[in-house]
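Thanks for coming. Please look at the structure first.

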Amino acid sequence: MNKRLFTTLQFSNNYFCGTCSSCGMNKSSKYYNLFVVCSGACYKVVFSEWFCSQFRKKKQDMAMFMNLSERRQKIYVNRRNTNSDNYRNLYRFTEENVEWLTEEFLASCSETRGGALNRDRKMRTFLRYIGDPGFQVGVGEVIGIHQTTACKTIWDVCQKITEKVDRWIQFPNSIEDMKRAQVLWSKNHKFPQAIGAIDCTHVLIMKPHDHGDEFVNRKGSASFNIQATCDGKEAFTSIDCSWPGSVHDSRIWKNSAIHNIMNENSSGAILLGDEGYGIAPWLMTPYRNPDMPQQMNYNKIHSRERVVIERVFGQVKRRFPILKSKIRIRTDRIPTIILACFILHNVAKYLGEEEFEDDSADLRLHVAPANENRNDTIKMRGDSRRDLISQFLFDRTNVL
């Protein structure tokens with residue numbers, strides 16, 4: 001029996017009792033039962049009649065025998081103040097914007113317990129975690145808290161952030177929204193009727209014990225394959241981070257919600273994707289082996305504009321280095337951490353935060369081309385529209 005269960009045990013002439021439960025003495029029995037409930041589990045301790053009679057006389061001797069002591073006083077680690085000169089490198093946002101994030105996502109969080117973390121320290125704990133290779137012990141050292149406190153705080157803040165995903169990541173799903181997205185894209189790009197670009201990127205993880213092979217990607221590393229789209233402002237408009245690393249990009253696309261939205265849109269909106277996706281009237285991919293000037297010009301413009309999504313992936317991974325290293329938490333929690341990082345990327349764009357510079361490359365796997373040997377209506381319509389767009393771009397380039 002764990003002696004800690006007896007630290008608040010009280011003894012009297014009639015009964016034993018603990019903080020979580022009470023029990024009576026059965027005088028007709030030679031034994032007296034004490035039931036103690038701790039953390040949801042019930043433990044039964046049996047004392048002999050002789051034992052009880054002896055220690056009823058000397059309560060102090062009972063305390064010594066049971067090794068009882070007063071409740072241990074809590075010891076709090078000294079909380080550390082951050083040097084303002086290094087603030088942005090530690091928390092990936094300026095001090096003013098961290099305060100804004102706290103009000104936006106943790107406004108309803110309040111603690112009255114002695115020594116509890118305030119909202120600002122909770123937000124800084126989470127930001128330090130995703131702005132670091134992902135070791136909770138190191139985060140605790142920076143903030144001045146224990147690793148278990150850091151773990152609980154990180155998860156609580158992460159959930160608060162992802163609760164507002166619909167506010168910060170929105171894909172256009174009406175004709176009016178599509179038109180506005182087309183105008184936004186056309187301000188800095190040439191591709192007609194485009195509303196954004198689509199691609200996938202990998203985030204490394206520890207190989208799970210259950211179904212681990214499903215997460216092994218083409219390079220032999222365990223990862224999640226993340227699909228996302230972005231708009232003309234280099235902000236994410238959709239994200240799907242639920243697929244293991246072995247799944248092909250085109251499969252994720254066909255099973256995503258935005259695939260159905262684009263399929264049913266009547267505004268003529270287009271997404272730009274690489275050759276890992278199949279051609280469709282609403283998804284333009286490059287020509288394979290172009291042999292005409294129109295096709296070569298099309299591929300050049302397509303490549304220059306589609307690369308926007310890869311640039312955005314690089315931005316979010318530079319701001320939150322945990323996405324570039326190996327995430328070391330439970331597998332079922334990893335998509336929520338990734339989603340929170342993508343939300344905060346859009347928030348950083350909204351707040352006008354400067355981007356972080358880093359020469360390290362993004363984890364972008366070469367994806368095998370999608371199988372286009374299908375003679376169906378969607379492919380033919382996609383080929384026809386791509387030919388019209390390539391001719392339009394070629395004519396406009398020659399005029400200019």
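I start with Ser 223, which counts as buried because its relative accessibility is 0%, and buried means under 20%. This is a predicted model, so please keep that in mind throughout. Ser 223 belongs to strand S6, residues 223-230. What does Ser 223 touch, leaving out residues up to four places away in sequence? The list is His 202, Val 203, Leu 204, Ile 205, Phe 215, Asn 217, Pro 244 and Gly 245. Of these, take Gly 245: it sits 22 residues from Ser 223 along the chain, and their C-alpha atoms are 4.7 Å apart.

Next, helix H6, residues 136-143. Its buried residues are Gln 136, Val 139, Gly 140 and Ile 143. Down the axis of H6 these buried residues fall within an arc of 100°, so they line one face of the helix. What do they pack against? Their partners are helix H3 (87-91), helix H5 (119-130) and helix H7 (147-162). Just after H6 comes Gly 144, with a positive phi of about 95°.

Last, a helix pair. H4, residues 95-105, packs on H13, residues 334-351, at an angle of about 125°, and the axes are 12 Å apart. That angle makes H4 oblique to H13. The crossing of H4 past H13 is right-handed. On the H4 side, Asn 97, Trp 100, Leu 101 and Phe 105 make the contact; they meet Ile 343, Leu 344, Val 347, Tyr 350 and Leu 351 of H13. By class, that contact has 8 nonpolar residues, 1 polar and no charged ones.

That is the end of my part.

Methods:
Residues numbered from 1 in each chain as written. Predicted model: local features only at pLDDT ≥ 70, side-chain atom pairs only at ≥ 80, totals over all residues. Heavy atoms only, no water. Axes fitted to C-alpha atoms, helices over the stretch in contact; angles between N-to-C directions. Helix = DSSP H or I, 4+ residues; strand = E, 2+ residues; numbered from the N terminus. Parallel < 35°, antiparallel > 145°, perpendicular 65-115°, else oblique. Left-handed = near helix turned anticlockwise from the far one by under 90°. Contact = heavy atoms within 4.5 Å. Nonpolar A, V, L, I, M, F, W, Y, C, P; charged D, E, K, R; others polar. Buried < 20%, exposed > 50% of the residue type's maximum accessible area, 1.4 Å probe, protein only. Arc of directions from axis to C-beta.
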